[in-house]
Amino acid sequence: YSIFKTIKGNRDVKEKDIIKLATSIQQKYALCPIIINSDFFVIDGQHRLLVCERLNLPVRFIVDNAATVDDVSRLNSYNKKWTQYDYLISYKKQGVKSYKVLHDFILNHNVSIKMAMLLLWADSGKGTTLFKQGELIIGDIGNAEWLLGKFESIKKYNSKLNFRFFSVIKTLLKNPNFDIDVFIKKITLNPSKLEVRSTATQYKVLIENIYNYRNRKKVNLRF
């Protein structure tokens, strides 16, 4: 078993997954081969390898001479078992600076990875594909911290507001007719109106109604 080597950029091994897999194998030994490169670095199957070692089972493997560390995350971009946090830690271990910044932000501000990405990602509109490929681009940290402060001020009036609400708020910041400080002030005048909604469209209507509270000239924030 010692001939196999682990890749620094692979995701962390989870004990609960090893136990679950080991229990299944003890009932019926039917493991897919692990994939290694020519240097015996494990590209895919580190959990299967550890289970084989613990149960003293033979290791079936396929050698892909061209495989590299990049293939680890690429293979797992199609694996639903990999979470965003797995990708975050993987690229952080590989020394990708933007992922280290993201991880530090999560720890320092006690926010979810999803919220941290909303606040920090310079182009979060491109979805999670680029994130999984190691192409996270970090925006201005000071601005992210400023916006987080605004979010926390808003959440004081309704702690149940979800991610979709704050995503809409960030989008509205691009609208020249929207001032987040004005919006927060309007919330203080009518806090009971700050309710949870199901869709982004419903949140836009809600935010516009709150923003226009006591306004003679109504502001259109939806178009």
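The crossing of α5 and α6 is right-handed, a label for a near helix turned clockwise from the far one by less than a right angle. Helices here are DSSP runs (H or I, at least four residues), numbered from the N terminus. The two pack at an angle of about 120°, with their axes 10 Å apart; axes are lines fitted to C-alpha atoms over the stretch in contact, and angles run from 0 to 180 degrees between N-to-C directions. α5 and α6 are therefore oblique to each other, as angles under 35 degrees count as roughly parallel, over 145 as roughly antiparallel, 65 to 115 as roughly perpendicular and the rest as oblique.

Do keep in mind that this is a predicted model, where local features need pLDDT of at least 70 and side-chain atom pairs count only at pLDDT 80 or more, while totals for chains, interfaces and linings use all residues. Residues are numbered from 1 along each chain, and side-chain values use heavy atoms, without hydrogens and water.

Here is who meets whom, with contact meaning heavy atoms within 4.5 Å:

| α5 (97–109) | V101, L102, F105, I106 |
| α6 (113–120) | I113, A116, M117, L119, L120 |

Now for the core, a set of buried (under 20% relative accessible area, 1.4 Å probe, protein chains only) Ala, Val, Leu, Ile, Met, Phe, Trp, Tyr and Cys residues joined through side-chain atoms within 4.5 Å. The largest nonpolar core has 42 residues, and L102 and F131 are among those touching the most other members. Its largest share, seven residues, comes from α6. Beyond four places in sequence, F131 touches residues including L102, I113 and M117.

Key
Buried < 20%, exposed > 50% of the residue type's maximum accessible area, 1.4 Å probe, protein only.
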